[in-house]
Amino acid sequence: PSDDPQPRLFLLSPSTKYPTTLCQQAMEQQQAKEAQEDNNLLYVAVTRAKQYLYISGNKKPGGWYQQICDQFEVDASYQQVSELTHCSGIINKPIAIDKKVTVTNKIDNRLQQPVNYESSLIEIAPSHTDLNNQYAQSSLNRDLSQNEALQRGTQIHDMLLWLSNHPGQSLNEYIQSNSLIGINNPSDDTLRDNWLQTEQTINQFPEYFSSDQYQQAFSEIPIYFTHIGARVHGIIDRLVITETEAIVIDYKTHQIEKSSDSSSDDSKQQINRLADQYRTQLSLYREGVQQLYPTLTTRTRLIFTSVPICLEIS
């Protein structure tokens, strides 16, 4: 303002020939910023190539082409087309111009034959749906159809999963949490019998279901691994981790028949026959878990929920 005793602001307008120190610093900072942006764009452009990267340029100094030539020790004034790789300096490959090459493709007759493709996936059937072997069929209660047995096994697996995650909860609480999927009748005898069987199994084996007995436990855990060149996929019912062991637990919900004289020999024979059918399945589970926990001893066990009894399968 004209009435002020002294100016408040100075505007300097230096020339290119005589720049001030402040302006020179500002210009250098701006140039450095622009150069950094150019380098960022160059990096993005170069790293997007998946198989081949073609770079073209001219003798004009500066720019991306000059930077690449300097990095790979290529003379930018050289007019011959060059191929650059990240691991070698210069590989000159002159391109033949106006020279047509006729290539005759000869197809091997073997390539025209059909290919028999075999799946490399080993799918381990979930235990509560594997009812197709002869021992499993013979062990089912004669009054139950296969479909009813499948539904029963699925429900007991679901109850074991739910009660292991919600210890101490009641059947009514389970029904309330599953009302959206049609479980809403607490007076259903089958439902109550399955719940009683689930509670008995968990109470019988606290070492597998009580959190103070182990370090970690996982339910219905999928597992993927490679076995002799094939991919293996399965679902482990329960995996219990202690300080020294990784324990694979597979539930079996078959109804175990008992003889009229209450002898347990028939039940043991049924259980042993059933257990033999799952040795291969548990062997695969053991192999997969050993890859996950190589420092722990891996054990595999079957729990027959209708008894309940636990067998170690070696």
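At what angle do helix H4 and helix H6 pack, and how far apart are their axes? Helix H4 (residues 146-165) meets helix H6 (residues 189-204) at an angle of about 50°, and their axes lie 9 Å apart. Keep in mind that this is a predicted model: local features need pLDDT of at least 70, side-chain atom pairs count only at pLDDT 80 or more, and totals for chains, interfaces and linings use all residues. Residues are numbered from 1 along each chain as its sequence is written, and side-chain values use heavy atoms, with hydrogens and water left out.

**The helix pair**
- That angle makes H4 oblique to H6 (angles under 35 degrees count as roughly parallel, over 145 as roughly antiparallel, 65 to 115 as roughly perpendicular and the rest as oblique).
- H4 brings residues including Arg152, Trp162 and Leu163 to the contact, while H6 brings Asn194, Trp195 and Glu199, among others (contact means heavy atoms within 4.5 Å).
- Sorted by type, the residues of this contact are eight nonpolar, seven polar and two charged.

**A cis peptide bond**
- Val307 and Pro308 are joined by a cis peptide bond, with omega at about -15°.
- Pro308 sits in the loop between strand S7 (297-304) and strand S8 (309-313).

**Positive phi values**
- Glu220, in strand S4 (residues 216-227), isn't a glycine, yet its phi is positive, near 50°.
- Glu220 is partly exposed, at 25% relative accessible area (buried means under 20%, exposed over 50%, partly exposed in between, with a 1.4 Å probe and protein chains only).
- Ile228 also has a positive phi near 50°, and its place is the loop between S4 and strand S5 (230-241).
- Ile228 counts as exposed, at 76% relative accessibility.

Conventions: Axes fitted to C-alpha atoms, helices over the stretch in contact; angles between N-to-C directions. Helix = DSSP H or I, 4+ residues; strand = E, 2+ residues; numbered from the N terminus. Nonpolar A, V, L, I, M, F, W, Y, C, P; charged D, E, K, R; others polar.
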